[in-house]
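This report covers a nonpolar core, a sheet and the hairpins that link its strands. Please keep the model open while reading.

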Amino acid sequence: MKWIVLLMVSGLVFCNIEYLKTTYGDTTKISLFHKNGKIKQEGIKVKKFRDGKWRYYDENGFLVKVEYYKFGKKINTMDLRTSK
């Protein structure tokens, strides 16, 4: 199992992977990546609907926004960027 994770991470570094999907039954974890290989957004879908916490990151890998979903409907958004 450790080798699979290592291969996936090394694939992210050396290839231009845009997204990863991991499915368990009707639940799918989705991770999208910036062109530089850093995480762009991640979250879970249940039966094709967003559910729970979705995190959004800038190109440097810093968390900038969190959205909460329930059965595909957005119920809350937190913008973590500091306004100037």
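## The nonpolar core

A nonpolar core is a set of buried Ala, Val, Leu, Ile, Met, Phe, Trp, Tyr and Cys residues joined through side-chain atoms within 4.5 Å. Buried means under 20% relative accessible area. The model is predicted. In its largest nonpolar core there are five residues: Ile30, Trp54, Tyr56, Val64 and Tyr69. Strands S4 (49-57) and S5 (63-70) each supply at least two residues of this core. As a general background, nonpolar side chains tend to be buried together in soluble globular proteins.

What does Trp54 touch, apart from neighbours within four places in sequence? Its contacts include the core members Ile30 and Tyr69. Trp54 also meets Gln41, Glu42, Gly43, Ile44 and Lys45. Lys65, Val66 and Glu67 complete the list.

## The sheet

Six strands form an open sheet. Their order is S1-S2-S3-S4-S5-S6, and the pairing is antiparallel. Strand S1 (19-24) and strand S6 (73-79) are the edges, each pairing on one side only. Neighbouring strands are turned by 10 degrees against each other on average, direction ignored.

In general, strands of a sheet pair through backbone hydrogen bonds, either parallel or antiparallel.

## S3 and S4

How many bridges join S3 to S4? There are five, and the two strands run antiparallel. Lys45 has Arg50 as its bridge partner in S4. Val46 is partnered in S4 by Phe49. The hairpin of S3 and S4 has two residues between the strands. In this hairpin, Lys47 takes a positive phi near 50 degrees.

Ile39 lies in strand S3, which spans residues 39-46. Ile39 and Tyr56 are 17 residues apart in sequence. In space, their C-alpha atoms are 8.2 Å apart.

## S4 and S5

S4 and S5 also run antiparallel, joined by six bridges. Tyr56, one of the core residues, has Lys65 as its bridge partner in S5.

Which residue of the S4 and S5 hairpin takes a positive phi? Gly61 does, with a value near 90 degrees. This hairpin has five residues between the strands.

Notes
Residues numbered from 1 in each chain as written. Predicted model: local features only at pLDDT ≥ 70, side-chain atom pairs only at ≥ 80, totals over all residues. Heavy atoms only, no water. Helix = DSSP H or I, 4+ residues; strand = E, 2+ residues; numbered from the N terminus. Buried < 20%, exposed > 50% of the residue type's maximum accessible area, 1.4 Å probe, protein only. Contact = heavy atoms within 4.5 Å. Pairing = 2+ DSSP bridges. Axes fitted to C-alpha atoms, helices over the stretch in contact; angles between N-to-C directions.
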